[in-house]
Every structure is written in C-alpha cells, then in structure tokens.
Amino acid sequence: MISGVPMRLGVMFDRDLPPETLVPFCRHLDATEVDDVWVVEDLGWTGAVSSAATALAVTGRIRVGIGITPAPLRNPVLLAMELGNLARMHPNRLAAGIGHGVQDWMRRAGAAVPSPLALLEETVLAVRALLRGETVTTRGRAVRLEGMRLVHPPAVPPPVLAGVMGPRSLELSGRVAQGTILPEGFGPERIAGARELIGAGGRGPALPDPGDGGRAAGDGPEGGDRPDGGDRPDGGHEVAVFTHLYVGDDPALVREAVRPSAEETASFLGIAPDEAPMAAGTAEEAAEHVRALWAAGADTVVLRPIGDDPLVHVDRILAALRDR
C-alpha cells in the first residue's frame, strides 16, 4: 500500500503478454507497495483461474484479482469449486470478478444466452452461497441447481465482484455482488454516476426468500443469498476501476504509444479516442490521474500498462505516488 493512501493500487497482467512471464511479473510486484495483481479471461487468450493459481503460488503478500471470468463460460458450481479451493490455500488473497462476457465472443463460442442479466445475477448469487458453505437449490431463468454444496468451503469466502458498465448491470451489481469492476475508460466524472447506480441497486428490495421460488435458495447460517459485506475494511461495496498506464516524457511519443488502446477503449464505450481517460504522460501526470480516480470514489485503481515492458511504467508511477 502507498504510504498515507487508504485506497488500493493494483496492476493488470495484460492478456497480450507471454503467459510464462506471469511468474517474474508477480514476484516483482510482490516486492513493491502494489496491493493487487489482476489477471484476465478474454476468449482465446488465457484462463483466469489457472493464472490466478499461478500468481497466488509464487507470491506471499499480494491480493490476486480475477477480472473477469465470463458467466456464460463458467458453470457456477465448477467456478465456486475453483474459487473455494484457491481461497482455502491462500486465505484473504483472492478477489473474484464475474461478468457478462463480450456478447459476440459468447456467440462465437456457442455460449450466448437469452438474458445475460439473469445469468449474471443467478451466477453471482449461486457462487456466493456455495462459497459460504450453503447447500444451494436454484430454479432460475438461467441457472438450475439441485442440492449442491462444496465439501471444502473456505473459512473466509473471497469477495465476488461484478464486472459491468451498463445502468441495469450496475444496479444488479449493487444488489447482489460485493464489489464492482469498471472497465478502462471510466474517468473520475463517470465514477460518481456509476456509484449512484450501484447504490440504487443496494437500496433496492430484498432478494426472494429461500423456498419461495426465488433465484437461489441456500440453507446456510447467513439466511440465504442476501448480500453481505465486501472486501473493504468497512464492509462496503468495493469499486475497482481499470485504467491504462503509459509513462513517458515526450508527449508525441506518449500519444503514439497509447493510440491503439485509446481507439479500442473508445470503440468499446462509444466515445472519441481523445476522450478515453488514461494514466498517461509523465510519471507525475500519470500519478495525478490515479489520485483523481481515488478521489472520485475508486476504492481500487488497477493499472493496465501498455507495451512490452510493463514493469518500467509501474516502477515510475510508484515513485511518483510515493513522492507525494
């Protein structure tokens, strides 16, 4: 943790980096002030659970985040088994993100579903209940389980976050998840709006009682599948924000280096490339962007370094954050 900063700082292991470099990448970060390393599961690249297991095994302090695994590709029982196993072997060091998945990718993989919202809600509820050690029966629109439970549930279940961005999905996250992952391109001005939608979901009506035909029924001691506290010390809903990182002293070279990432983010969010916020520029300019995200309400800022030498950029921004 950065001295004097109560918020978290994470670093993403980019999907385009060679998988075998994950081990030295994580060991390097484990020796710094960085709080988290995040791994991804984009279709065709690498699997997030195996990456998370590797990252946890070669580090001793850092939290490992999965950001994110697509609900259509993961049966909730199998996912809970994997997460529970990791959480037992590495207590208090895992955060699990689940999302809709890119719909075109899900279609191409033969995993598209009629209602991504229903699937995500029912998956998050079922996974959380299983991780709490409950026996789960659910007869939902997308998830159907009959008397399933984990034989070895973790003593401390890992927090489950929803990786979402749309208004209805943000409300869903506030209602059923312990945190929300916002993608690259969410600047300080969008975080407040996202937090309001997340809060609206958290203030919504209670979830159905077990046994009344609700989406997920559990018989555990916590009274079914109502949301409980997240990973923040105050038990609140953690908001993690991803942002690209590139540190350089030549503005022209910085613009050229970040252009492909800016164009990809702009296409994804429906904005102009020059409107895509990033931690880019000099080390101090990049650090100031991170501070602005924290000030806007991000509990965790996750840096996604651009380029083939990501740790150089991480070390430079750490020095700038350390100096304030």
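1. Asn-92 sits in the loop between α3 (76-89) and β4 (94-99). Its phi is near 60°, a positive value in a residue other than glycine. Most residues other than glycine have a negative phi, and most peptide bonds are trans. Helices (H or I, at least four residues) and strands (E, at least two) are DSSP runs, numbered from the N terminus.

2. On provenance: this is a predicted model, in which local features need pLDDT of at least 70, side-chain atom pairs count only at pLDDT 80 or more, and totals for chains, interfaces and linings use all residues. Residues are numbered from 1 along each chain as its sequence is written, and side-chain values use heavy atoms, with hydrogens and water left out.

3. Look next at strand β3, where Ile-68 is found. The peptide bond from Gly-67 to Ile-68 is cis, with omega near 10°.

4. Helix α1 (residues 22-30) packs with helix α10 (residues 310-323) at an angle of about 10°, and their axes are 11 Å apart. Axes are lines fitted to C-alpha atoms, for helices over the stretch in contact, and angles run from 0 to 180 degrees between N-to-C directions. The two helices are therefore roughly parallel to each other (angles under 35 degrees count as such). From α1, Phe-25, His-28 and Leu-29 meet Pro-310, Leu-311, Val-314 and Asp-315 of α10. Contact means heavy atoms within 4.5 Å. By class, the residues of this contact are five nonpolar, one polar and one charged. Ala, Val, Leu, Ile, Met, Phe, Trp, Tyr, Cys and Pro count as nonpolar, Asp, Glu, Lys and Arg as charged, and the others, Gly among them, as polar.

5. Arg-27 also belongs to helix α1. Apart from neighbours within four places in sequence, Arg-27 is in contact with Val-58 and Thr-59. The C-alpha atoms of Arg-27 and Ala-55 are separated by 8.4 Å, with the two residues 28 apart along the chain.

6. There are 21 salt bridges in the structure (a side-chain nitrogen of Lys or Arg within 4 Å of a carboxyl oxygen of Asp or Glu). One of them joins the side chains of Asp-42 and Arg-15, at 2.8 Å, N to O. This pair links distant parts of the chain, 27 residues apart: Asp-42 lies in the loop between β2 (36-39) and α2 (48-57), and Arg-15 in the loop between β1 (8-12) and α1.

7. Asp-42 returns in the largest pocket, where Asp-42, Val-102, Pro-183, Glu-184 and Phe-268 lie nearest the centre among 29 lining residues. The lining comprises 13 nonpolar, ten polar and six charged residues. Helix α8 gives the most, with four residues.

Note on methods:
Angles under 35 degrees count as roughly parallel, over 145 as roughly antiparallel, 65 to 115 as roughly perpendicular and the rest as oblique. On a 1 Å grid over the protein atoms alone, a cavity is a set of points where a 1.4 Å probe fits but cannot get out, and a pocket is an open set with protein on both sides within 12 Å along at least five of seven lines; lining residues have an atom within 4 Å of a point.
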